[in-house]
Amino acid sequence: MKRIVSYIISVILIASLLLSGCGSSGSSNSSKNTSQANSSNSTKQKITIWAWDPNFNIPVMNQAKSIYIKDHPNVQIDIVEMAKADVEQKLNTVLASGSKEGLPDIVLIEDYNAQKYLQAYPNAFADLTNKINYNDFANYKIKFMTLDNKIYGVPFDAGVAGLFYRSDILSQAGIKPEDLNNITWDQFMNIGKQVKEKTGKDMISLDPADGGEIRIMLQSAGQWYFDANGKPNLTNNEVLKEAVNTYKELINSNFVKKESGWNNWVASFNNGDVASVISGVWIIGSIKAAKDQSGKWALAPIPRLNDSLSVNYSNLGGSSWYVLNDSKNKDVAIDFLKTIYDGNVDFYQQILVNQGAMGTYIPA
């Protein structure tokens with residue numbers, strides 16, 4: 001049994017570090033959205049942006065683009081959509097090669113990965129310390145993007161997690177909204193069994209190769225794979241042990257639909273195959289993509305572990321924007337991010353309503 005648990009811990013650790021869920025991958029198809037603004041008396045300045053998730057980050061950035069180019073018609077903004085893993089791989093490959101070609105002007109980086117890039121590739125990203133008013137952003141986001149007292153990113157979204165559920169399906173199973181309020185994972189699994197028995201629907205879908213639920217469980221009890229000094233926190237981490245055992249019980253249950261990859265996972269709840277999703281707030285964009293389910297979704301706090309420190313709230317993912325230091329139009333890229341993400345309250349209101357994007361810009 002000890003060998004099995006050790007193996008599971010190793011697999012989850014590797015998956016968490018390499019596959020990183022926020023919150024979340026995106027479509028594997030690439031597309032470019034270019035502005036149509038033209039100017040007859042000056043040359044266009046072009047900036048290219050890499051990001052993932054066609055239901056969240058891409059429409060959010062398209063909204064930012066539409067606002068900016070109204071007052072800056074000589075700027076062309078190309079937004080390139082890739083799967084999250086492809087963004088990371090391509091960024092790593094080009095930076096590791098030492099080449100200054102083939103990079104975007106702006107790239108989205110998940111908060112979990114920020115220090116990896118900043119430490120591995122010195123001088124690759126623009127120092128924005130004196131460019132952005134960081135006092136207007138949630139302080140925890142600033143820590144991710146700070147190295148040697150320099151700040152390199154523009155904070156974007158929070159990954160506050162929730163239990164999103166189909167109220168119509170749970171009602172058929174006799175589950176009321178109050179039955180989901182501040183429950184434990186054990187209670188969640190009992191509800192899952194009841195939903196499966198009464199409706200034939202799976203309670204939730206999970207990708208066994210993704211460590212998202214483990215991260216939600218760990219952070220709900222204030223724990224992580226590493227301690228405050230960056231050293232592995234595995235052997236005597238009782239919260240991690242409970243999280244792994246809880247996840248193992250979930251995976252082995254008869255009410256969990258196992259999926260492989262982001263697209264299949266999203267399709268499972270868009271198609272109505274499962275009754276709930278436990279993820280970061282950014283998943284709202286994908287939930288709302290199923291127009292035929294409008295009005296059928298509701299929200300509850302996440303389940304908590306049995307550990308005495310665990311609570312019914314947590315975080316999953318969250319990302320920020322980074323400007324490449326060798327960008328040919330670096331000043332334009334910085335001005336774009338500062339104008340929209342560090343000053344436009346209406347923009348944050350629009351993306352909150354339309355995509356469920358919970359920004360970390362305090363004035364909004």
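Two strands pair if DSSP finds at least two bridges between them, and strands (E, at least two residues) and helices (H or I, at least four) are DSSP runs, numbered from the N terminus. This is a predicted model, with residues numbered from 1 along each chain as its sequence is written. Local features need pLDDT of at least 70, side-chain atom pairs count only at pLDDT 80 or more, totals for chains, interfaces and linings use all residues, and side-chain values use heavy atoms, leaving out hydrogens and water.

**View 1. Strand E8 and its two partners.** Let's start with E8, residues 161–166. On one side, E8 pairs with strand E11 (residues 274–280) in the antiparallel sense, over 5 bridges. Look for leucine 163, which stands opposite isoleucine 278 in E11. E8 also pairs with strand E12 (residues 297–300), again in the antiparallel sense, over 4 bridges. Here phenylalanine 164 stands opposite leucine 299.

**View 2. Both faces of E8 under cover.** In a regular strand the side chains alternate between the two faces of the sheet. Ala161, Leu163 and Tyr165 sit on one side of E8, while Gly162, Phe164 and Arg166 sit on the other. Every one of them is buried, meaning under 20% relative accessible area with a 1.4 Å probe and protein chains only (over 50% is exposed, in between is partly exposed).

View 3. Step back and you'll find 5 strands in an open, mixed sheet, in the order E10-E9-E11-E8-E12. E10 (256–258) and E12 stand at the edges with a single partner strand each, so one side of each has no neighbour in the sheet. Strand E9 (residues 202–206) runs parallel to E11, joined by 2 bridges, and isoleucine 204 stands opposite serine 276 in E11. Helix H7 (residues 185–199) packs on the sheet and touches E8, E9 and E11; contact means heavy atoms within 4.5 Å. The direction of H7 makes about 120° with that of E9.

**View 4. Helices H8 and H9 crossing.** H8 (residues 212–220) and H9 (residues 238–251) pack at about 140°, with their axes 9 Å apart. Axes are lines fitted to C-alpha atoms, for helices over the stretch in contact, and angles run from 0 to 180 degrees between N-to-C directions. The two helices are therefore oblique to each other (under 35 degrees is roughly parallel, over 145 roughly antiparallel, 65 to 115 roughly perpendicular and the rest oblique). Glu213, Ile214, Met217 and Leu218 in H8 meet residues of H9 including Val239, Leu240 and Tyr247.
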